[in-house]
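Colleague: I am new to this structure and would like a close look at a single part of it. Please take me through that part in one connected answer.

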Amino acid sequence: MTAGEKAKAKTEQAKGKTKEALGSATGNDRMAAEGQAEKSAGDAREAKEKAKDAFKH
């Protein structure tokens, strides 16, 4: 996994997790859903990069 893509994935996951927690704490369902979606996108990006790495070796 390239360092840049790994950093993007981790940043996206952390940002999503924070947004999801804040939305849940404030009762803002939309923000919580957006956070969950961002976290999932980060997870998917990380999985894609790991799969690419697996086929390189």
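Modeller: At 12% relative accessibility, Gln-13 counts as buried, because buried means under 20% relative accessible area. The model is a predicted one.

Start with the contacts of Gln-13. Leaving aside neighbours within four places in sequence, Gln-13 is in contact with Lys-39, Gly-42, Asp-43 and Glu-46. With one of these, Asp-43, there is a polar contact between side chains, at 2.7 Å.

Now take helix α2 as a whole. At 1.5 Å a residue, its 28 residues should span 40 Å, and the C-alpha atoms at its ends are 41 Å apart, which agrees. At the N-terminal end, Asn-28 caps α2: one of the side-chain oxygens of Asn-28 lies 3.2 Å from the backbone nitrogen of Arg-30.

The buried residues of α2 are Ala-32, Gly-35, Glu-38, Gly-42, Glu-46, Glu-49 and Asp-53. These buried residues pack against α1. An α-helix has 3.6 residues a turn, so residues three or four places apart point the same way.

Glu-12 is found in helix α1 and is partly exposed, with a relative accessibility of 22%. Not counting residues up to four places away in sequence, Glu-12 touches Glu-38, Lys-39, Ala-41, Gly-42 and Arg-45. Between Glu-12 and Glu-38 there are 26 residues in sequence, but the C-alpha atoms are 6.2 Å apart in space. The side chain of Glu-12 also makes a polar contact with the side chain of Arg-45, at 3.2 Å.

Next come the salt bridges, of which the model has 11. Glu-5 forms one with Arg-45, and the closest N and O atoms are 3.3 Å apart. Arg-45 counts as partly exposed, at 25% relative accessibility.

One is formed by Arg-30 with Glu-34, where the closest N and O atoms are 3.3 Å apart. Because Arg-30 and Glu-34 are four residues apart in helix α2, about one helical turn separates them. Arg-30 is exposed, at 64% relative accessibility, whereas Glu-34 is partly exposed, with a relative accessible area of 31%.

Another is formed by Lys-50 with Glu-46, with 4.0 Å between the closest N and O atoms. Both residues lie in helix α2, four residues apart, about one turn of the helix. Glu-46 counts as buried, at 13% relative accessibility. Salt bridges that share partners also join Glu-5, Lys-8, Glu-12 and Arg-45 into one network.

Ser-24 is exposed, because its relative accessible area is 53% and exposed means over 50%. Ser-24 and Lys-8 are 16 residues apart in sequence, and their C-alpha atoms are 24 Å apart in space.

How values were computed
Residues are numbered from 1 along each chain as its sequence is written. This is a predicted model: local features need pLDDT of at least 70, side-chain atom pairs count only at pLDDT 80 or more; totals for chains, interfaces and linings use all residues. Side-chain values use heavy atoms; hydrogens and water are left out. Buried means under 20% relative accessible area, exposed over 50%, partly exposed in between (1.4 Å probe, protein chains only). A salt bridge is a side-chain nitrogen of Lys or Arg within 4 Å of a carboxyl oxygen of Asp or Glu. Helices (H or I, at least four residues) and strands (E, at least two) are DSSP runs, numbered from the N terminus. The expected span of a helix is 1.5 Å times one less than its number of residues. Contact means heavy atoms within 4.5 Å. A polar contact is a pair of N or O atoms within 3.5 Å; within protein, one must be able to donate a hydrogen and the other to accept it, and residues adjacent in sequence count only if both atoms are side-chain atoms.
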